[in-house]
Every structure is written in structure tokens, then in C-alpha cells.
Amino acid sequence: MSKITHLFLLCTSAALAGPMVHHIEYVTPRAGQRGTTVEVTIEGSFIKEAKEALFYRPGIRCVELKSLPSLPEPRSTIHGGFIEGSVTAKFQIHAECPLGLHPFKLRTATELTTLSTFAVTRFPIVKEAQEDQTVPMNSAVLGRMDTNQVGDVDVYRVTGRKGEHLSVEVDSVWLTEKFYAGSEFDLTARILDASGKELARNDDSALHLQDPVLSTVLPADGEYRVEVKQRVFNSGGNCYYLAHIGSNHRPLAVYPAGGMKGEKLTATLLGDAAGDEVVQITLPSQTGDFHFNDTMPSPLLMRVSEFPNVLEAQDADETAVRALPAALNGKIEAAGDADSFRVKTKAGDRWRVRVFARSLGTPLDPRLTIRKADAETDDITADDSALTDRDLWAMSRQIQRKELMDPSVIWEPKTDGDYLINITDMRGLGDPTSVYRIEVESVRDEINTFIQARVIDMVECPRLTSIAVPQGGRWTVNVNLIDAPGSRYKGELDLVVQGLPKGVRMLAPRVLAGQRQVPVQFIAEAGTKPQTALISINCKATDGTPLLSRPQQSFPFLGHSGGHAWHSFVVDDYAFAVTEPTPYQIDVEQPTIPLSQSGELTLPVKITREPGFDEAIEHQFDWVPPGVEGEPTLTIPAGQNEGTLRLSASPSATPGTYRLAMTASTTGGSYYLGAGRIRASSAFIDITIAQPYIALKSNPTAVRRGEKAQVLWDVEHKKPFEGEAEATLLGLPKGVSVIANPKLKSGDKQLIFDITATNEALLGQYKELSCEITVTEHGQQIRQRTGKGILRVDPALVQTSNTSR
């Protein structure tokens, strides 16, 4: 089978939406230790011209990239994906590099690839080598479930001393770079002594969800075994994991789970096998999430705020809160436990109240209520929340996140006075590590940006979400906006960018009031060198209103049936690249006439090719104003340089002037996600949507078979036009035709069509009569459809004769 035939079969056997061809399918090995340089192999499609790696987080960089020979035949992956090439890369990891996953992309000669990840650990890496393997204490084992064998069990022997910890964390679900899988990544782990006695076991955990976390204090000197296996056997290729086996402590929660920025916080680590431990934690000056770590392979998540902590009173039914804003901290330590905080507020105050519990990895499933202190009923009851409530606005609803179990509300007290903020566990359960934090802060105006393509399973779609600008060319991407909960600003916005390389500029139309998607264009000067960068695009109120704004993009990875993702990654910058020049340029002619409501507009398109480039080019508008539709993707065949594309406006299209850009791509590679294609954009053009020239009204008309009749329209002139407009009657049934199309002049009050019906004309009533009016302005034709009429076709009259005798 030829390579071309193989790729065709891959594409045609994929889901109807299109083949899921990702640039990066596998990264091997999946992890490296701090302070080392690791050689990795990156496998995928259309990456043989990789020039650079872009990491989103500091502390790791790629110092070398080498392309490997292409495979003789591509290897298939799920949903029409395939692997046809690979590169080797050397990742240099700084000694203080942040632990955990580091997302990255590759820049090729013409593209910015789909995202993958690489893990950084504090422990030395040990590769799985045999079924029963001795490993050093404080090592990270890169293992693999042999899913061709039923019940594969990996066992690691480690020597420990009495009284020290043996802690195990297995990263599998949260490590994988796969996009589709079943349950093969759902692993379980045990710690056994030399006799086989089980000392600790874990399958799922509140801290790491599907990935196990377990720890014990060793009862004696000697050898111990760590066992890793699938919870339920399920075959699947490349089921890798990273098992941290160490003498570190492993607390499961920290109380309080946060504090004021810059303060030195006295906190207690909870849930460790050796008992609780009091520590001093210096919090950073930046508010938001904070990862506390000391000797652990993975951190405990905390919060940093601008307002003080309030700790629950241990021996009282209520805890008094002196003033808001504040962070309310406590634990639901036993079944049936309930905590209550008394706050004083005024009518007209607006508070954002967010619970952090499951978000922090604690087992609490919180239920929040707020009521007036002297009332018997609650003003607010909340359990789960939406993605936007949890500052995950870039995500699809198909993504599963533990943060959604924590309630978040906008609270606007109706009267002055004391209120009670109460928290319980939805299930009536409690646990010493069930820590919570309730942040009560003033609502602020906030409009954020995100880039997202609505494709099947919400996988990454570089065709619509990447930003890879060719030298001397343009790239246009749709930027979405979303209001944060409680935000009230409704005015116009400007988009501002930070982080662009020298020689690149951004053009963004002003965002109209209520508009929540705009096309944004990047232009690179011809002399700009190919490179990568991280950029941010934020909103700014045009009237000077103080406005918070942040960018965000999300990437789903491991997904199961139905498209719901177990694992997803969120970044707060956009990856940007300048690539090599495209071998063609696309231009669309600026129209000199408006697009009429209920009308059409034809736009000439021109391709300018570099010598030797003769491929077919697809073109379309990726963004059009509400109420406007563009044609589906059209193709200018190889060897041709001109084409057209039509826009049509509905009667509800909002009049105004909008900026549009046409996008184009070569026709190779993946048509659905866009991998392997060379893309470019036209310059912006202005499209004006205007009222139609006329509106038509008609009374019902009838015609008999074999006879003639007139269809008469009353004309209402909306705006003047010069010369004569052509008129075409639409919706006539078979056997009925117009004798001659009339002309319409500006100022005419009626438009009359003479029609005739044959003896075979279809009988009945036809309710879809309308007219197409064509006006010529500045040498261009403007078409609009208007009117809605009814025509009835009747039988011919029966001829009778009288004969005298």
C-alpha cells in the first residue's frame, strides 16, 4: 500500500467531522529530573521540519532538535490520526525548575504544532527494566503497563529503615499525552512488606483523582515492595506512568489553605502517616493559586489573597467576621459537622463568594448557604458551579474538573444587617483533611479573552486557534470574550497585546457593546526572523472604566466515550510564532458597495504565487458578523489564480461596518484540524451591512391553466438608487413562468410580473413567492431578496356547447 493511499484510508475512516491528526502524538521519555539534560523522542505528523520548542513555563528549554528519517509507512492512531515522522530533542532542565507538567509546542518551517507536555521531577529517573526490579529510595520510575498481557503487575523493591516514610505517587492520567483512551490509565498501587503483608493501598485520591497517592511509616528495617497495576484491565498502547518512590512525608492537606500576600503563615500539614506537622510558609506577593512544596514530588495547592484570614472558632456555634472582604477558613472534621460565619453587610453591596475545597484536593464536597441571621430560610443555596464561576472560562463543558464541585455565587444582600455564611458536606461526611476556604471579595468588572475552536470533542484545532504568522505575511485568528461572574461593564472595548516580537503588530477591530467574538490579525514584516513567543491579549474599556482582563486557553487530553476529558491543561498565555514565508499570497478586493440585508455580495479573490508553486488553494471567511453567512470553503484549482466568494445577509443582520479577513490554506495534510497545511490571511476589508433598497408586499394571486395573470407587488423604497434595477420572480411552480422580467426605477410604486401557466402547470397553492432585486452600483451588482407572496394555480375552465335539434 502506498503512503498516499494509506493516508487517504486513515482520513476516510475517521469520524464524520474529520480525522484527528495531531502534530505530536508521543513524547518519550515522559519525564526528566531537575538539573539534568534529557534526550527525548517526539513522534507525530508534519514535524520533520521542527526548528524550535516553545515552553509555557520557565526552567526548561530545548537546546537541540534533530529530525529523524520518516517511517516507510505511517502508523495509525485513533480517529484517523497517524505517525509518519519523529525528531529528537534535548531538554535542558534548570536545577530550580518548577515541578510537574510543562506544556510545549514545536515551531516548524510553516506551523506551530499541537500542544504536548513533559514532566519534571525532583527524583532521579529509573526506567522499568524487569518484572521484579530493585530501585533506590527517592527515585522516579518510568514504567509501562504491558497491556497485551492480562493482569500486568509491576513490582519494585526498595530498602527502607524503621521509622522513615515510604511514600508513593503514581502519575498516569495526569501524565499522558494521549487524546483518547479507555480505563487503561486508571492505576492502583500498594505497599507490601517482605512477607507480602499490605501496609498501604490507594486507587483514587482526593488529591490526584484517578492517580494513586499513598504513604506509610515503615515498621522495621528491611526490604519493601511497591506494586503498580491497572485497576481494571484494559488494553491500549503506550500506557506509561511515573511512580515516585521516596522517603518524603506526604501530607494530604494544609490548614489554613492560604493567607494574605507576602505574609509568613503558620500552617498545619494534615493527613501524613506520621501525624500532623506545623510549618512556616512564606506566601508570595502575587495573589491567586500558590503551590506549596518542600520535599514532596507534587505540591499542595493554596490560595493567596489581598484580604485577611478568619479561622473558624473551635468551641463556638458561630465565628464572628469583623469585616469583609475576608477569607473564611475551617475544616469539616466529622460526619454531620457544620460551620457558620457571621458577617455584617449592607444592601447594595455586591460580593463574589467562592468556596475552595475540592479545588485544593481535599475530600470535602461542600454545600454553601447564606441567610439573614434572624431568618428561617436561606437567601442562597449552592452546591456545584459552572466553569466560568471557577475562572475556567476557556474550557468546554465536555471537560471534567474537580473545581466544579466547589460552589461559587454572586451575593447581593437585600437589606442591611448580620448574615450567616454556612458550609457543610453535601453527603453529610467529614474528615480531618476536609479543609475549606471561602473567599468573600467585592465584585469587580472583568472581561477576559480566550481562543477556542468548537470541533468534535473540543480537541486542539491549529487551523482555527494557532497563531503562526509567516514572514512578510498575515495570520488572522478569532478571539473570544467572556464576562466574569457579576461583571456589569457593557460598553465598547479595545484589545491590547503584550509580548509581540519586534517587527510584528496586531490589528484588532474595536469590540462593539455586546460583541463577544472578533477577528484579530497579526502582521510580520518581511525581515522579522522566525521565532516563538508567549503573548497576552486583554480587554480595555474605551471609556476608561477600570477593568480586569486575562487571557486563557485550554487543551483537553485524555478523553473517553462521549468526548468528556479526564485530563486537561490550562495556560494563561497564547503561543505565538513567526514562520518562514508562504509560497503564495491571498488578496480579496475591497467592495465599494454595501451588503444589503436579505442580500448577497460577491467578492473577487486573487492568489499571487511564488515561482514553482502551483498547488490548489482553499479560501473562506472564518468570521462573519451575526446574521451574515459565507459560502463553505471554496477551492482555487492548481494553476489558477482567481476565484470568488459570496456573502449573504439575513433580514436580521445588524447594519454597520465590520472588518473581515479571508483565510487560505494549501489542500494537503489534515483538512479538519489543519496539521500539515500552509496557511495565510488576506488583509482586512471593510464590509458594510445596510438596509435594503426596497421592500415588497403582495396580495394573493391566482392563475388558471392555459391563461395569463399578473403578480403585483407594492414597492416601499428604503433608500434611493440610480438607474434601473433588475427584478426576478422566485418560487414559481412547474408550468408557470414569467413572460418578461420588468425593470424597476427609483420611485416606482408598483412592480408587476406578467405570468403564464401551461395546461400542465402544477395545481395548488404556493406560498414562497419572492423577488430578487439586482442593483448595479460602481460597477458591482448588489442582490437582495424581498417580499413574500402567494400564488394559486387553478384548473382550466371546462368548455360546454349546446346543440339544437
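Trainee: How many aromatic pairs does the structure hold?

Mentor: The structure, a predicted model, holds 11 aromatic pairs.

Trainee: What makes Phe-55 and Phe-104 an aromatic pair, and why is the pair called tilted?

Mentor: Their ring centres are 5.3 Å apart, and rings pair if the centres lie within 6.5 Å.

Trainee: Are Phe-55 and Phe-104 buried or exposed?

Mentor: Both Phe-55 and Phe-104 are buried; the term stands for under 20% relative accessible area.

Trainee: Which residues form one aromatic cluster with Phe-55?

Mentor: Phe-91, Phe-104 and Phe-118 form one cluster with Phe-55.

Trainee: How do you know that Lys-331 lies over the face of Tyr-255?

Mentor: Lys-331 is at 5.0 Å from the ring centre of Tyr-255. The limit is within 6 Å for NZ of Lys, along with a position within 35 degrees of the ring normal.

Trainee: Where does the charged end of Arg-390 sit?

Mentor: It sits over the ring of Phe-356, 4.8 Å from the ring centre. For Arg the distance is taken from CZ, again with a limit of 6 Å.

Trainee: Turning to the sheets, what makes S28 and S33 edge strands?

Mentor: Their sheet is open and has 5 strands in the order S28-S30-S35-S32-S33, with mixed pairing. Strand S28 (319-320) and strand S33 (380-382) each have a single partner strand, so one side of each has no neighbour in the sheet.

Trainee: How do you know that S32 and S35 pair?

Mentor: Strand S32 (residues 366-372) and strand S35 (residues 417-425) share 7 bridges in the antiparallel sense, and at least two are required. In one of these places, Thr-369 has Asn-422 in S35 as its bridge partner.

Trainee: What is the order of the open sheet of 3 strands?

Mentor: The order is S22-S26-S25, with mixed pairing. Strand S22 (258-260) and strand S25 (288-292) are the edge strands, each pairing on one side only. The twist averages 30° from one strand to the next.

Trainee: In which sense do S22 and S26 pair?

Mentor: S22 and strand S26 (residues 300-305) pair in the parallel sense over 3 bridges. Met-260 stands opposite Ser-305 in S26.

Technical notes. Residues numbered from 1 in each chain as written. Predicted model: local features only at pLDDT ≥ 70, side-chain atom pairs only at ≥ 80, totals over all residues. Heavy atoms only, no water. Helix = DSSP H or I, 4+ residues; strand = E, 2+ residues; numbered from the N terminus. Axes fitted to C-alpha atoms, helices over the stretch in contact; angles between N-to-C directions. Phe/Tyr/Trp six-rings, centres within 6.5 Å; stacked < 30°, edge-to-face > 60°. Buried < 20%, exposed > 50% of the residue type's maximum accessible area, 1.4 Å probe, protein only.
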